[in-house]
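Dear colleague,

Please find below the structure that I am handing over to you. My findings follow directly after it.

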Amino acid sequence: MLSDNRLTLSQFQQLVGTTIRQNPALQGVWVAAELSDVRVSGGHCYMELIEKDQRGATVAKARAMIWANTFAMLRPKFYVATGRDISTGMKVLVRGSANHHNLYGLSFTISDIDPSYTMGDLERLRREILAKLAEEGVINLNRELPFPELPQRIAVISSGGAAGYGDFMNQLDSNPDGFRFYTMLYPAIMQGDRTSASVREMLDQVEMALDFWDCVVIIRGGGATTDLNGFDDLELARRVATFPLPVMVGIGHERDRTVLDEIACVRCKTPTAVAAALCDRLRDSYARVIDRVRRIAKYSGDALKGEQHRLVNIETSVPALARTRLLQAGKRLDNTAHLLERSVSKRFSTEEKRVSLLRARYESALKNITEKPRIRLTNLENLLRVLSPENTLKRGYSITRVNGQAVRDAAALSEGDVIETTFAQGIVKSTVN
């Protein structure tokens, strides 16, 4: 059964729209939200306003737009204040009014934007990241690395087609001093949500060839569409802070500042300023070397003059010194000759006495050695004389021989043997019967 107060859908939508537009609490109000899906079309800027809880879950969402005439005014105002374009991911404070369309439903038309709120939120995010790094004890690690004296081997992380990278390379290649730099591009995404992951991936690749490089350069130029939110990231900041090589950064314009500017070893305003700083570093090192060479040359010249004066003095003093040395040497030789003569004379006298004493000992020993054998020989001679066959025969003994052999046993004789008996006086031959 149909009710008499029924409404068509369009009538209902019109009633809702009228109620919203006539409610003063929904007109000209300031709303804090995060921007999502920001896009520009036909001069108008379309987006969604979202609100997230502490866990990151979306708890509210509304369509929003900035009409072309208003956007043409707000966009440069916001950029001048923040250095950034209105883009996805920003937290903003916007003023506007609620609207309702029969086809598209509820929307929010933005009439103004407060850049200070966005700047404050970005600054809060940076402070939170820096506080976290300080808590972890890594915030100063890269800043405290010694920067090389001659940074010529440079790993460059940038977008290969970016104007900032081109300016950087041109500045290095055309430096007026003719210094040589050896660079390699590690191409990364330098804008948008993928910035942090892309730059960290390139840092990982650089670390795989750590010994090839003196330092790392992270550069990104500025422009009307600058979006540096990706560099205010905790993971990227931690990776740069703990990187083992000195990191130089030149991101955006002169007034732009990101978390990386606070933790890198060297911070420069722009990519061109990074190249200038590298050239200045080599120029300073070259100047120091030249200064040292000049100082060495001056010192060597002074030392050479001093040695020349010293040689002249030596040349002058050599004859007198030689005479003095000769006289001293002659005196030493005379003294040595006298000492040698006395020493030889004393030694000769001592040796002469020693030789005389040895001669007497040798003569006595020789006499003892020869006298005893002489006496023994005499005694033996006398004994042999006493025991000789002649003396034995004289004492009444005789010698019996048969066939010239002495007979000691009668049994050795046979009958008929002719024997010969020798006496002290004469010889008798006999026949055995």
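Glycine 250 has cysteine 268, in strand S10, as its bridge partner. This pair belongs to the pairing of strand S9 with strand S10 (residues 266-268), which is parallel and has three bridges. Please bear in mind throughout that the model is predicted.

Strand S9 also pairs with strand S8 (residues 215-220); these two run parallel and are joined by five bridges. Here valine 217 has methionine 248 of S9 as its bridge partner. How many of the residues of S9 (residues 247-251) are buried? Five of its five residues are buried, and the strand is described as mostly covered. In a regular strand, side chains alternate between the two faces of the sheet. In S9 both faces are covered, with Val247, Val249 and Ile251 buried on one side and Met248 and Gly250 buried on the other.

Strand S2 (residues 44-52) pairs with strand S3 (residues 58-66) in the antiparallel sense, over eight bridges. Within this pairing, isoleucine 50 is opposite lysine 61 of S3. The two strands form a hairpin with five residues between them, and glycine 56 in the turn has a positive phi of about 90°. A positive phi is also found at aspartate 37, a residue other than glycine, where the value is near 55°. Aspartate 37 is located in strand S1 (residues 29-41).

Strand S3 has a further partner, strand S5 (residues 105-113): the two run parallel and are joined by three bridges. Arginine 63 is opposite serine 107 of S5. Isoleucine 66 is likewise in strand S3. Is isoleucine 66 buried or exposed? Because its relative accessible area is 3%, under the 20% cut-off, isoleucine 66 counts as buried. Between isoleucine 66 and serine 111 there are 45 residues of separation in sequence, yet their C-alpha atoms are 6.9 Å apart in space.

Turning to the helices, serine 196 is in helix H5 (residues 195-208). With a relative accessible area of 6%, serine 196 is buried. Its side chain makes a polar contact of 2.6 Å with the side chain of aspartate 233. The buried residues in H6 include Leu236, Ala237 and Val240.

The largest pocket holds about 540 Å³ of space. It is lined by 19 residues, and those closest to its centre are Gly89, Leu125, Asp193, Asn229 and Asp232. Which element gives the largest share of the lining? Helix H3 (residues 115-136) does, with five residues. Sorted by class, the lining has nine charged, seven polar and three nonpolar residues.

Finally, I turn to the chain as a whole. The protein chain has nine helices and 14 strands. Its radius of gyration is 64 Å, whereas the globule rule gives 22 Å for 433 residues, so the chain is more spread out than a compact globule. The C-alpha trace spans about 210 × 90 × 35 Å along its principal axes. Of the 433 residues, 30% are buried.

Yours sincerely

Conventions
Residues are numbered from 1 along each chain as its sequence is written. This is a predicted model: local features need pLDDT of at least 70, side-chain atom pairs count only at pLDDT 80 or more; totals for chains, interfaces and linings use all residues. Side-chain values use heavy atoms; hydrogens and water are left out. On a 1 Å grid over the protein atoms alone, a cavity is a set of points where a 1.4 Å probe fits but cannot get out, and a pocket is an open set with protein on both sides within 12 Å along at least five of seven lines; lining residues have an atom within 4 Å of a point. Grid points are joined across faces, edges and corners, and a volume is the space filled by probe spheres set on the points. Helices (H or I, at least four residues) and strands (E, at least two) are DSSP runs, numbered from the N terminus. Ala, Val, Leu, Ile, Met, Phe, Trp, Tyr, Cys and Pro count as nonpolar, Asp, Glu, Lys and Arg as charged, and the others, Gly among them, as polar. Two strands pair if DSSP finds at least two bridges between them. Buried means under 20% relative accessible area, exposed over 50%, partly exposed in between (1.4 Å probe, protein chains only). The radius of gyration is taken over C-alpha atoms; the globule rule is 2.2 Å times the number of residues to the power 0.38. A polar contact is a pair of N or O atoms within 3.5 Å; within protein, one must be able to donate a hydrogen and the other to accept it, and residues adjacent in sequence count only if both atoms are side-chain atoms.
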